[in-house]
Amino acid sequence: MIYKFLPVFMYFFASFTTNVSKPTEPEKLIAATAEASFSMKAEKLYHTLHSNNLSLPKLESFSKALQGFYQLKEKGLVSKNILTIIDFSLSSNSKRLWIIDMSTNTVLYNSLVAHGRNTGEEYAKEFSNASSSNKSSLGFYATGEVYQGKHGLSLRLDGLEKGINDNARSRAVVVHGADYVAESFIKTHGRLGRSQGCPALPVGITKEVINVIKDKSCLFIYHPSANYKAATKLIS
């Protein structure tokens with residue numbers, strides 16, 4: 001099972017984050033070995049995913065999501081074996097959200113998802129944790145409670161990375177449905193519609209998706225942003 005390699009990875013992670021001195025050469029070797037081992041295990045798991053005739057996320061985004069997912073599970077910050085991956089390196093005209101049942105390694109959903117209006121046009125380029133920025137925030141989230149808002153049934157999100165997305169709740173960055181997240185909108189406007197920073201979904205699947213991922217599941221928004229790589233403490 002995939003959890004066999006988790007203790008090795010977590011031992012390395014704990015050792016690395018608590019040692020403030022400059023790593024020695026043996027420590028660097030251990031780190032490189034642990035990272036290589038994790039990458040191999042993540043790739044192996046990736047190739048055993050049951051797609052349900054849906055597309056799969058890129059290996060890069062899946063591996064990063066998996067790395068954070070295990071750490072957050074270990075810390076008790078997420079509890080469900082459900083992993084949501086949003087890949088903002090992809091065109092908004094493509095289905096760039098995946099929901100995976102990690103208990104069965106099965107892809108449950110692959111959907112369109114919007115980014116913030118100030119994050120970019122067709123492609124997401126700029127990200128922010130600031131209020132009123134109308135930009136998306138990268139990184140790891142825990143899903144929260146369900147409520148009825150101006151967009152109907154919605155799901156609160158708690159950003160788990162300080163300085164990166166931890167203002168999500170105060171910014172009202174939530175999962176909700178929107179008419180502008182649709183193939184018909186793309187045909188008319190040449191790109192998907194955009195939100196005020198929320199990962200908005202097609203209206204037709206919003207209720208069922210929210211019910212699957214609510215209550216402390218892991219949601220990861222990926223982009224190969226240099227700023228995010230420098231700031232995150234969860235993934236390498």
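**Group meeting: salt bridges, a sheet and a buried lysine**

Arg156 forms a salt bridge with Glu145, and their closest N and O atoms are 3.3 Å apart. Arg156 lies in strand 5 and Glu145 in strand 4, so the pair ties together parts that are eleven residues apart in sequence. A salt bridge here is a side-chain nitrogen of Lys or Arg within 4 Å of a carboxyl oxygen of Asp or Glu. Helices (H or I, at least four residues) and strands (E, at least two) are DSSP runs, numbered from the N terminus.

Some housekeeping. This is a predicted model, where local features need pLDDT of at least 70 and side-chain atom pairs count only at pLDDT 80 or more, while totals for chains, interfaces and linings use all residues. Residues are numbered from 1 along each chain as its sequence is written, and side-chain values use heavy atoms, with hydrogens and water left out.

Back to the pair. At 25% relative accessibility, Arg156 counts as partly exposed, and so does Glu145, at 33%. Buried means under 20% relative accessible area, exposed over 50%, and partly exposed in between, with a 1.4 Å probe and protein chains only. Glu145 and Arg156 also belong to a network of salt bridges with Asp158 and Arg169.

Which order do its strands take? The sheet is open, has eight strands in the order 3-2-1-8-4-5-6-7, and its pairing is mixed. The edge strands are strand 3 (106-111) and strand 7 (201-202), each of which pairs on one side only. Two strands pair if DSSP finds at least two bridges between them. Strand 4 (residues 139-149) and strand 5 run antiparallel and are joined by seven bridges; the hairpin between them passes through two residues. Strand 5 also pairs with strand 6 (residues 174-178), antiparallel, over three bridges, and there Arg156 stands opposite Val174. By contrast, strand 1 (residues 82-87) and strand 8 (residues 218-222) run parallel, with five bridges.

Stay on strand 5, residues 152-159, for Ser154. Is Ser154 buried or exposed? Ser154 is buried, with a relative accessible area of 1%. Tyr147 stands opposite Ser154. A polar atom of the Ser154 side chain lies 3.0 Å from the backbone oxygen of Gly152.

Next, Glu121, in the loop between strand 3 and strand 4. The side chains of Glu121 and Arg191 meet in a salt bridge (3.0 Å, N to O). Arg191 counts as buried at 18% relative accessibility, whereas Arg194 is partly exposed at 21%.

Last, helix 3, residues 59-75, which holds Lys64. Twelve of the 17 residues of helix 3 are buried, so the helix is largely enclosed by the rest of the structure. Among the buried ones is Lys64. Leaving aside neighbours within four places in sequence, Lys64 is in contact (heavy atoms within 4.5 Å) with Phe140, Phe220, Tyr222, Ile235 and Ser236. Just after helix 3, Gly76 takes a positive phi of about 80 degrees.

Terms used: Polar contact = N/O pair within 3.5 Å; in protein donor to acceptor, adjacent residues only side chain to side chain.
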